[in-house]
Amino acid sequence: MTRRECDVAIVGAGLVGSLLAIFLQQQGQRVRLFEKRPDMRVDDVDGGRSINLVVTSRGIHALSQVGLKEKILAITTPVYGRMIHDVQGELIYQSYSKDNTECNYSVSRSQLNKELMTCAEQAGVEISFGCELEDAEFDKGVLTFSEGEVHTRRVYGTDGSGSAVRRILARQKHLSDRIDFLPHGYKELVIPAAPDGSYLMEKEALHIWPRGHHMLMALPNQDGSFTVTLYLAMEGDVSFATLNTSERVTSYFHTHYPDAIARMPCLTTDFLANPTGLLGTVWADPWFYQDKVALFGDAAHGVVPFFGQGMNAGFEDCTVFMEAMTKYGDDYSAMFAEYYQIQKPNGDAIARMAIANFIEMRDHVGDPRFLLQKQVEALLGRTYPELYLSKYSMVTHSLIPYAVAEQVGEIQKDILEQLCQGIKQAEDIDLEKAKELIAQKLTPLWDAGSGDLISSPNPS
Ligand SMILES: Cc1cc2nc3c(=O)[nH]c(=O)nc-3n(C[C@H](O)[C@H](O)[C@H](O)COP(=O)(O)OP(=O)(O)OC[C@H]3O[C@@H](n4cnc5c(N)ncnc54)[C@H](O)[C@@H]3O)c2cc1C
């Protein structure tokens, strides 16, 4: 590639870039997508590892807007609740809803990415692989890739949490940014299918082995296997730094995850071969420059994965932006400003909630007061389904803005603390008092903030 011209350049053909390309192409724009990696449909860019994600309400909503909901759901496995594994291997199942109407969808990240790239091409998007953005002069509309220059009217940065677009904007003083890393990292492992192809654990569940300062999670794949993720400190006595031999890895798993290791024949090989990923939160401000550049997805607001929302939040960026496009026509300054004004508080809120979830899992998992509050919350949700929607449900099974869910969640915490004073089990709460507190503290906020959305929380 030497010099090329295009109307719209999207940098990064990951999940969000591919979906945004489809949205824009469907609006009649001529979109070119530039991706630094080779085509993952041809080359195995993940080195055989299978990372998987859950798609929830916001992701599904965005996919239905471009007519892809059914096609994408066909490559997912529905997950109806959490299966908690204790150290003895005892199981506790918690359904996401009382009648199995709410579920999340587990999908392989690379399979989803491949599917979205193919859909983008079918919509008319041209994808250039092996093109890494190195520099840019956004005022002149010039992008410098490893292979040459591209001249364009508009740039969308969807190049992930280490975004080059964001880095260049920051260097040119058009925005400020920061990445906060957690002391924990993650590693992808696998529980393979049984020899006959069946699942070795409950198929329709998110499996969690909560152990306070470290944790294992597993999500089903369509081929009978589970993708397993270990979250563990990077440094310290028990950490990725010290689990550096087969013996140590085996002994650690036997101590903390005995029922999992029994199903992981390739554990030590995978553990020592697979990379350890870092977990960071991206804070950027603003997410756009004039009418020339805008950031989407992890490039704007990378979050830690403890709410399973990074991609879902990025997909929501696309729907919010398309609404602004419908409103403002060709006025990109107004469009970018409105998109930012709506999504920045939501991006910040899901980033904070994801970190809070990490701390909650780490510090409160064995705390009886915390567990009691969770049980009372479940009881309130069952007793007053139209009045009480937990923060988890708002985030995962509704389109209620993340910022509203965060605010409501804080109020709910306060209500739960009051209701749990002096009781030993959930059934002892004063339901009348609960109803009064909810009416007093929550309904006005819901009415003012998102009355419409609350009344139809599940878009799928
Ligand atoms: C362990 C883990 C579990 C997760 N679980 C969930 C979950 O359950 N649900 C959920 O919603 N989210 C989850 N996430 C988050 C999710 O993976 C991300 O939010 C999502 O991948 C972001 O998509 P993106 O397109 O913005 O960025 P990315 O997926 O990072 O894509 C960026 C693309 O840009 C390309 N690129 C980078 N730099 C350049 C450059 N200079 N030039 C050209 N191209 C470039 C990259 O190669 C890549 O293809 C999880 C994340 C982790 C780490």
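1. Secondary structure. The protein contains 16 helices and 18 strands. These elements belong to a predicted model, and the remarks below should be read accordingly.

2. Overall dimensions. The C-alpha trace extends over about 70 × 55 × 40 Å along its principal axes. The radius of gyration of the protein is 23 Å; because a compact globule of 460 residues would have a value near 23 Å, the two agree.

3. Of the 460 residues, 41% count as buried.

4. Domain layout. The domain assignment divides the protein into domain 1, domain 2 and domain 3.

5. Domain 1 and domain 2. The centres of these two domains, taken over C-alpha atoms, are 29 Å apart. Where they meet, 14 residues of domain 1 are in contact with 11 residues of domain 2. On the side of domain 1 that touches domain 2, at least two residues each come from β3 (52–55), β7 (104–108) and β12 (176–191).

6. Which classes of residue make up the side of domain 1 that touches domain 2? By class, there are 6 nonpolar residues, 6 polar residues and 2 charged residues on that side of domain 1.

Methods:
Residues are numbered from 1 along each chain as its sequence is written. This is a predicted model: local features need pLDDT of at least 70, side-chain atom pairs count only at pLDDT 80 or more; totals for chains, interfaces and linings use all residues. Domain bounds come from an automatic or database domain assignment. Two residues are in contact if their C-beta atoms, placed from the backbone, lie within 7 Å. Helices (H or I, at least four residues) and strands (E, at least two) are DSSP runs, numbered from the N terminus. Ala, Val, Leu, Ile, Met, Phe, Trp, Tyr, Cys and Pro count as nonpolar, Asp, Glu, Lys and Arg as charged, and the others, Gly among them, as polar. The radius of gyration is taken over C-alpha atoms; the globule rule is 2.2 Å times the number of residues to the power 0.38. A residue is buried if 20 or more other C-beta atoms lie within 10 Å of its own, exposed if 12 or fewer, and partly exposed in between; C-beta atoms are placed from the backbone.
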